[in-house]
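This report is meant for a reader who is meeting this structure for the first time. Please look over the sequence and the structure shown here before reading on.

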Amino acid sequence: MHHAPVVVHRIFPSGGRQVTLRTSHGEEPLGLARSDEDVIEFLRRAGMPDPDDVVLGGTELLDWEWDTPHVYEADPPTDDLP
């Protein structure tokens, strides 16, 4: 099974997604992203070449876990409020 070195985790209920870098020692947190631009900046700081291509180009270097890629806000509740 292939594991990409960068993981964008599921959306927090309050919005945003944790971004981590897989290393030989486990996962290193890079930050809480609220946009693709945040993920690109985290990867740039981590020294990844061409971070724009990694995030926007759909490479195998990045796993989007659980939720739709490039979405950072939780769905609003569907319950009708009185």
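The model is predicted, so local features need pLDDT of at least 70 and side-chain atom pairs count only at pLDDT 80 or more, while totals for chains, interfaces and linings use all residues. Residues are numbered from 1 along each chain as its sequence is written, and side-chain values use heavy atoms, with hydrogens and water left out.

Phi of Trp66 is near 70 degrees, which is a positive value in a residue other than glycine. Arg10 lies over the face of Trp66, at 4.0 Å from the ring centre; a charge is taken to sit over a ring if NZ of Lys or CZ of Arg is within 6 Å of the ring centre and within 35 degrees of the ring normal.

**Overall layout**

The protein chain contains two helices and four strands, and these follow the pattern β-β-β-α-α-β when read along the sequence. Of its 82 residues, 33% count as buried, where buried means under 20% relative accessible area, exposed over 50%, and partly exposed in between (1.4 Å probe, protein chains only). Contact means heavy atoms within 4.5 Å, and among the contacts with a separation of 6 or more, 41% come from residues 24 or more positions apart.

**The strands**

β1 is mostly covered, since five of its six residues are buried. Two strands pair if DSSP finds at least two bridges between them, and β1 is joined in this way to β2, with which it runs antiparallel, by four bridges. Within this pairing Val6 stands opposite Leu21 in β2, and in the hairpin of the two strands, which has five residues between them, Gly15 takes a positive phi near 100 degrees. β1 is also joined by three bridges to β4, and here the strands run parallel; the bridge partner of Val8 in β4 is Trp64.

The structure holds one aromatic pair. Its members are Trp64 and Tyr72, whose ring centres are 6.3 Å apart and whose planes meet at 70 degrees, so the pair is edge-to-face.

Helix α1 spans residues 36-45, and its buried residues are Asp36, Val39, Ile40, Phe42 and Leu43. Seen down the axis of α1, these residues fall within an arc of 160 degrees, so they line one face of the helix; the arc is that of the directions from the helix axis to the C-beta atoms. An α-helix has 3.6 residues a turn, so residues three or four places apart point the same way. On the other side of α1, Glu37 and Arg45 are exposed. The buried residues of α1 pack against β1 (6-11), β2 (17-23), β3 (26-33), α2 (51-56) and β4 (62-64).

The largest nonpolar core has 15 residues, and those with the most contacts inside it are Val6, Val19, Val39, Leu43 and Leu62. β1, β2, β3, α1 and α2 each supply at least two residues of this core, and its largest share, four residues, comes from α1. Such a core is a set of buried Ala, Val, Leu, Ile, Met, Phe, Trp, Tyr and Cys residues joined through side-chain atoms within 4.5 Å. With its neighbours within four places in sequence left aside, Val39 is in contact with Val8, Val19, Ala33, Val55, Leu62 and Tyr72.

**After α1**

α1 is followed by Gly47, whose phi is positive, near 90 degrees. Met48 lies in the loop between α1 and α2 and, apart from its neighbours within four places in sequence, is in contact with Val6, Leu43 and Val54. Asp50 is likewise found in the loop between α1 and α2, and Asp50 has a positive phi of about 50 degrees although it is not a glycine.

The table gives the computed accessibility of some residues named above.

| Residue | Relative accessible area and class |
|---|---|
| Tyr72 | 6%, buried |
| Met48 | 18%, buried |
| Asp50 | 54%, exposed |
| Trp66 | 67%, exposed |

Methods: Rings of Phe, Tyr and Trp (its six-membered ring) pair if their centres lie within 6.5 Å; planes under 30 degrees apart count as stacked, over 60 as edge-to-face and the rest as tilted.
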